[in-house]
Amino acid sequence: MRIVMATVVLTALLARQWLGVASSIGAGLLLALWPHHLAATGVLQPEVMFGFFLVASLYAFARAWRSARIAWWIVAGLAFACAYLVNPVVLLFPVFVAALAWWHGRKRPALAMLAVFLVPVLAMGVRSAGLPHTDDASQGRAAMNFVQGSWPNYHQAARRFRSGDPIAVEITRHITV
């Protein structure tokens, strides 16, 4: 519950960077009353943590952009790294943010943020490279979903396969070959 409240507060603080006081409070209240956000507070789901780290990284980046302090850039890189460790979909976002900062002449802070972001990301890559490869990894599941999704009648055949339907057995045999 605390991480949800922290996300609400950070959302209001982030909105305060660009909006007025009333609008930033409104943004925080909107998130506090959002049904998905309320439903997710019962258990600590990855989406809750990902949302917190993403909002924290955006807030730190907004503070870094407005100030000359390198500490905010480092906090932004660390928050982006934490968001990546929860959900790797954020991988390119800090790279684009650093490129934007680089373009605006903030080369040292952009490099600092990117370096802090890349340390845990690369450490996880080295760790993952040392793990034994198994077929039940996410790549195997993704490939299986791709194969199943390329057969429009897969789900219907899979339901009828259990009853021994010969057509379903034949369709399933073609898919698995």
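Among contacts in this protein between residues at least 6 apart in sequence, 58% join residues at least 24 apart. The model you are looking at is predicted. Its secondary structure comes to 10 helices and 0 strands, so reading along the sequence gives the pattern α-α-α-α-α-α-α-α-α-α. Of the 177 residues, 31% count as buried.

**Helix H5**

- Helix H5 runs over residues 70-86, which gives it 17 residues.
- From its first C-alpha to its last, H5 reaches 25 Å, close to the 24 Å expected at 1.5 Å a residue.
- The buried residues of H5 are Trp73, Ala76, Gly77, Ala79, Phe80, Ala81, Ala83 and Tyr84.
- What covers these buried residues includes three helices: H4 (46-66), H6 (92-103) and H7 (107-130).

**How H4 packs on H5**

- Two packed helices are described by the angle between their axes and the distance between the axes.
- For H4 and H5, the axes come within 8 Å and cross at roughly 160°.
- That angle makes H4 roughly antiparallel to H5, because angles over 145 degrees count as roughly antiparallel.
- H4 passes H5 in a left-handed crossing.
- The residues of this contact between H4 and H5 divide into 20 nonpolar, 1 polar and 1 charged.

**How H7 packs on H5**

- The axes of H5 and H7 come within 8 Å and cross at roughly 30°.
- H5 and H7 are therefore roughly parallel to each other, since angles under 35 degrees count that way.
- H5 passes H7 in a right-handed crossing.
- On the H5 side, the contact is made by Ile70, Trp73, Ile74, Ala76, Gly77, Leu78, Phe80, Ala81, Tyr84 and Leu85.
- On the H7 side, the contact is made by Arg108, Pro109, Ala110, Ala112, Met113, Val116, Phe117, Pro120, Val121 and Met124.
- The residues of the contact of H5 with H7 divide into 18 nonpolar, 1 polar and 1 charged.

**Val121, on the H7 side**

- Val121 sits in helix H7, and at 9% relative accessibility Val121 counts as buried, because buried means under 20%.
- Val121 and Ala81 are 40 residues apart in sequence, while their C-alpha atoms are 6.6 Å apart in space.
- Leaving aside neighbours within four places in sequence, Val121 is in contact with Tyr84 and Leu91.

**Thr11, in H1**

- You will find Thr11 in helix H1, which covers residues 2-16.
- Thr11 is buried, with a relative accessible area of 17%.
- Not counting residues up to four places away in sequence, Thr11 touches Ala27, Leu31 and Val55.

**Gln17, in a loop**

- Gln17 lies in the loop between H1 and helix H2 (21-33).
- Gln17 is also buried, with a relative accessible area of 14%.
- Gln17 and Arg63 are 46 residues apart in sequence, and 8.1 Å separates their C-alpha atoms in space.
- Setting aside neighbours within four places in sequence, Gln17 is in contact with Tyr59, Ala62, Arg63 and Arg66.

Methods. Residues numbered from 1 in each chain as written. Predicted model: local features only at pLDDT ≥ 70, side-chain atom pairs only at ≥ 80, totals over all residues. Heavy atoms only, no water. Helix = DSSP H or I, 4+ residues; strand = E, 2+ residues; numbered from the N terminus. Expected span 1.5 Å × (residues − 1). Buried < 20%, exposed > 50% of the residue type's maximum accessible area, 1.4 Å probe, protein only. Contact = heavy atoms within 4.5 Å. Axes fitted to C-alpha atoms, helices over the stretch in contact; angles between N-to-C directions. Parallel < 35°, antiparallel > 145°, perpendicular 65-115°, else oblique. Left-handed = near helix turned anticlockwise from the far one by under 90°. Nonpolar A, V, L, I, M, F, W, Y, C, P; charged D, E, K, R; others polar.
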